[in-house]
Structures are given as structure tokens and as C-alpha cells.
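Biologist: I am new to this structure. Could we go through it together, beginning with the charged side chains?

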Amino acid sequence: MNDQAPQSATLGADLRALRKARGLTLTEIATRLDRSVGWLSQVERDMSDPSISDLRQIADCLGVPMSMLFAHSAAPASEQGYVVRVGSRRPMGSGEEGLIEELLSPDLTDDFEMVHSTFQPRSRMQTQANRPTQEVGYIVSGRLDLTIGGREYTVGPGDSFRIKHEPYLWSNPYDEPAVAIWVIAPPVY
């Protein structure tokens, strides 16, 4: 039995995981930020705190919303890395397209991430996505229209779907929210 506590989810650990998932080196990110590799390494090891401006640039380099870098909850030490309480989910994105997402995974250091997505009534994705990921979704409630690789589907409660390196769009033209659980590999948020 391993009595050692897991490393807690930190900003530095998430930055390192996101950078590696994108195949970027410390040197590449540091060059884009006009910062030293040593400074960035210290940020990833939680030995240096980046400024708000630094975080904005880092989020831009990694292609994530800045909100993703702020919401580290203070979970009890015994739960860090294992449990995410409903009131402690980390929000992702701006919600401007009518999509509200929360991270269900304890952090971004795994080979995948799990996301709780709520698609507001009469909302739709404005720009087609095509990510180098494999994604599986499960519809908890409501209905969602999907276009995956040019094929159209309507999915409802209990249905699941997969997107594998294909362009896709979603829309919820219905009068009730749609709720889905997504598993995405590698992590993109």
C-alpha cells in the first residue's frame, strides 16, 4: 500500500500537462513569451508566480481560456487528485456560444480529461472545430444535433458518440438544455 499523498493539482502541473499535450517544449513557449526557459520551468514547478499578463500570454500560447488557469479549488489534501466536488468544478470557457463547461477531472495531468457540458436551449457552435483528439460523449439529458465529418446526427438521453480527428459542429435547436459528459484525449483545456 502506498501511503504517500498524491501531488496536488496546481497551476504549474496543469501548465506542464497542457504544454506537453500540445507537443511544445519549454524553449518554444519561453520564446513565444519572451521569457527565459528557467523562469517558465520555475512556473511549471510552482516556484514562481506568473503575473496576470503572463497568464494571459500563456493561455494564448496553449489555446485555452484564461479562466481555466485561475480556478484551482482548495480541496482537502486527502481529496486532491482523487475527488472533485460538485461545487468545486473548474469552469472552462466564456459560455458565449451557450455552452457551459466544467472540468470533472481532478487536474489535467492524465492522458485524458472529463468534462461536464451544458448546451443552452437554442444555442449553436459558431465555428467548426477540428482538434487532434479522440472524444467520446454521453448525453445525460436533452437532445443535441451533431455534424461529425459531414454526417448529421441527433442524439438524446443515453446515447453516446465519438469524434476522432474529424471536423465537427454542435447545436441545440430545442427548448431545453442538453447535458453531456465528454472524455477528451489528450486534454485540450
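**Salt bridges and strands**

Modeller: Glu 135 and Arg 131 meet through their side chains in a salt bridge, at 2.9 Å from N to O. A salt bridge here is a side-chain nitrogen of Lys or Arg within 4 Å of a carboxyl oxygen of Asp or Glu. This is a predicted model, in which local features need pLDDT of at least 70 and side-chain atom pairs count only at pLDDT 80 or more, while totals for chains, interfaces and linings use all residues. Residues are numbered from 1 along each chain as its sequence is written, and side-chain values use heavy atoms, with hydrogens and water left out.

Biologist: Is Glu 135 buried or exposed?

Modeller: Glu 135 is buried, with a relative accessible area of 0%. Buried means under 20% relative accessible area, exposed over 50%, and partly exposed in between (1.4 Å probe, protein chains only).

Biologist: How many salt bridges are there in the whole structure?

Modeller: The search finds seven. One of them joins Arg 35 to Asp 54, with the closest N and O atoms 2.8 Å apart. Arg 35 lies in the loop between α2 (26-33) and α3 (37-44), and Asp 54 in helix α4 (residues 52-62), so the pair ties together parts that are 19 residues apart in sequence. Helices (H or I, at least four residues) and strands (E, at least two) are DSSP runs, numbered from the N terminus.

Biologist: What is the relative accessibility of Arg 35, and that of Asp 54?

Modeller: Arg 35 is partly exposed at 34%, whereas Asp 54 is buried at 10%.

Biologist: Changing topic, what is the order of the strands in the open sheet?

Modeller: The six strands run in the order β1-β2-β3-β10-β5-β8, with antiparallel pairing. β1 (90-92) and β8 stand at the edges with a single partner strand each, so one side of each has no neighbour in the sheet. Two strands pair if DSSP finds at least two bridges between them.

Biologist: And over how many bridges do β5 and β8 pair?

Modeller: Strand β5 (residues 134-141) and β8 pair over five bridges, in the antiparallel sense. Gly 137 stands opposite Phe 161 in β8.

Biologist: Finally, how many helices and strands does the chain have?

Modeller: The chain has four helices and ten strands. Of its 189 residues, 40% count as buried.
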